[in-house]
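Subject: Structure handover

Hello,

Here is the structure I promised to pass on. Please open it first, then read my notes below.

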Amino acid sequence: MSASSSSSPAGHPSTIFDSSPTYRMACEQLFGVAEIMGTDPDIISRLAIPKRSLVMAVPIRMDSGDVRTFVGYRVQHSLTSGASKGGLRYAPHVDLGEVAALSMWMSWKVGIMNLPFSGAKGGIACDPTKLSRGELERLTRRYTEEVLPIIGPRIDVMAPDMGTDEQTMAWIMDTYSMKIGYACPEIVTGKPVELGGCVGRREATGRGVVYCIMEAMGELGLQPDQSTAVVQGFGNVGSVVCQELYQRGVKIIAIGDRFGSIKNAKGIDIPDLVKYVASGKQVKDFPGADRIEDNELLAIPCTILAPCAMERVITKDNAGKVNCRILAEGANGPTTPEADRIFANSDIFVIPDVLCNAGGVTVSYFEWVQDLQQYFWDEDQVNAKLRELMLKAFRRVRAFSKERNIPMRLAALSLGVNKVALEKAKRGLFP
Ligand code: NAD
């Protein structure tokens, strides 16, 4: 199926992105929103194709002395609502369509959160676990050099995503600052606090996920200390979700990552697991739990299922086996539209990605504001403001979902798309 097939409006052109199932999924969602909201088709067709995409060769010298060329991407979905904003991902499967879809989701996410940004995303197709620190640094600096013509604090601001972290952002900040001749912390967010990073940014996405989960639990009358959770991914997002749920008394009974999955029906000791992983060991080898097959993880009965790893892990093939009360999407795009249709007939409370994981970009916004003003907040201020904005967005989406009697995902996407569509309509078409 292409983005221009049955689910797309007549006249929507085929594009270079269509071969990606993730991009087709993002378009299907957009067209679904257009149908419900009656959005102007001219604006929908502009929103279905990213404004600007850069595909670049990123050659670096490896530690061995050989030269290896990687492929990098940066896609700016829109620049309508302010500088574009979005993560940089290092993963083997990264391709243009995936990055385009993620950039589109970023536009809806910042729209839902009412932040003065547009959506973007970037990536390099590589396996960061197989690169040395020196190779990662050279890769990041060369990527920054290649992407330089289209980034800037008022143009496009990157942040960490899968496979990248504070150190990656520090290298980008340094490379950009060297090029322009002065220190420019506002070129990236998610950087070390010492370089103008925001306290609490690293934990923000996971914290935001848990604020949403607690709100949903309140509505469903569920008690944290009588609830269980299964979490996929134990990176930036997943590990913080585990810690925040654990602190609130939720029993984490299973965790999986790309190397394997573990289960302990009595509850996994999260502080012990965090220390274990920090010492360089892998989740799958943790002695306080038993190994399970990866395909069992998402089917384990639990109160909260939190996919916090990657996209399209819940599909029509396994959605029927998902057995939870709350599906909290820490990852971007973990549930396919086919799986969504299966959930529509279940009593699973879905907290969709564009709302659930918006805590990261929200605190990125706080970081950008602080860098521009050179005036810094403390962690209590950051967390209180994050909680306030997350709950406000959650309640808006929930109210819209009830008012229109539509699923939470459709409600969230509708609010996000609507905001961008309205801004496009007001600005008009250039020239
Ligand atoms: P990360 O690199 O820190 O962690 C990724 C985790 O996913 C790791 O534990 C990895 O082992 C696991 N994983 C990778 N492939 C897997 C597979 N095939 N099966 C099971 N587990 C797998 O990345 P992150 O920053 O935690 O991002 C995770 C997700 O959250 C991504 O979808 C990302 O786009 C999304 N997200 C991240 C942020 C952020 O602030 N970092 C913000 C919003 C959304």
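Contact here means heavy atoms within 4.5 Å. By that rule, Val241 touches Gly206, Val209, Val210, Val231, Ala306 and Cys308, leaving aside residues up to four places away in sequence. Keep in mind that this is a predicted model.

**The cores**

The largest nonpolar core has 95 residues. Val241 is among the members that touch the most others, along with Leu30, Trp108, Leu245, Ile255, Ile351 and Leu355. Which helix gives the most to this core? Helix α3, residues 96-112, with 11 residues. There is also a second, separate core. This one has 25 residues, including Val147, Ile150, Tyr176 and Cys184.

**The ligand**

Next, the ligand. The shell around the ligand has 22 residues. The closest are Asp161, Gly163, Thr205, Asn236 and Asn332.

- Asp161 has a polar side-chain atom 2.7 Å from an oxygen atom of the ligand.
- Gly163 has a polar backbone atom 2.8 Å from an oxygen atom of the ligand.
- Phe234 has a polar backbone atom 2.9 Å from an oxygen atom of the ligand.

How much of the ligand's accessible area does the protein cover? On its own the ligand has 830 Å², and the protein covers 83% of that. Two elements give two or more residues to the shell: α6 and α7 (236-247).

Helix α7 also holds Ser239. Is Ser239 buried or exposed? Its relative accessibility is 11%, so Ser239 counts as buried, the cut-off being under 20%. Ser239 touches Gly233 and Phe234, again leaving aside residues up to four places away in sequence. Phe234 is the residue whose backbone lies 2.9 Å from a ligand oxygen.

**Salt bridges**

Now the charged pairs. Side chains of opposite charge can pair when their charged atoms come close. The structure holds 30 salt bridges. Three of them follow, then a network.

Arg341 is partly exposed, at 48% relative accessible area.

Glu367 and Lys191 are another such pair. Their side chains meet in a salt bridge at 2.6 Å, N to O. Glu367 sits in helix α11 (residues 359-373), while Lys191 sits in the loop between α5 (166-180) and α6 (201-220), so the pair ties together parts 176 residues apart in sequence. Are these two residues buried or exposed? Glu367 is buried, with a relative accessible area of 0%. Lys191 is buried too, with 2%.

Lys419 and Glu423 make a local pair. The closest N and O atoms are 3.0 Å apart. Both residues lie in helix α13 (residues 408-427). They are four residues apart, about one turn of the helix. Glu423 is partly exposed, at 24% relative accessible area.

Then the network. Salt bridges link Arg89, Glu98, Lys121, Asp161 and Glu311. Asp161 is also one of the residues closest to the ligand.

**Backbone points to check**

Most residues other than glycine have a negative phi, and most peptide bonds are trans.

- The peptide bond from Phe430 to Pro431 is cis, with omega near 0°. Pro431 is in the segment after α13.
- Asn114 has a positive phi, near 60°, and is not a glycine. Asn114 lies in the loop between α3 and β4 (118-125). Its relative accessible area is 54%, so Asn114 is exposed.
- Gln374 has a positive phi of about 55°, though it is not a glycine. Gln374 is in the loop between α11 and α12 (379-404). At 53% relative accessibility, Gln374 counts as exposed.

Over to you.

Best wishes

Key: Residues numbered from 1 in each chain as written. Predicted model: local features only at pLDDT ≥ 70, side-chain atom pairs only at ≥ 80, totals over all residues. Heavy atoms only, no water. Core = buried A, V, L, I, M, F, W, Y, C linked by side-chain atoms within 4.5 Å. Buried < 20%, exposed > 50% of the residue type's maximum accessible area, 1.4 Å probe, protein only. Salt bridge = Lys/Arg side-chain N within 4 Å of Asp/Glu carboxyl O. Near = heavy atom within 4 Å. Polar contact = N/O pair within 3.5 Å; in protein donor to acceptor, adjacent residues only side chain to side chain. Areas by Shrake-Rupley, 256 points an atom, 1.4 Å probe, with all protein chains shown as cover.
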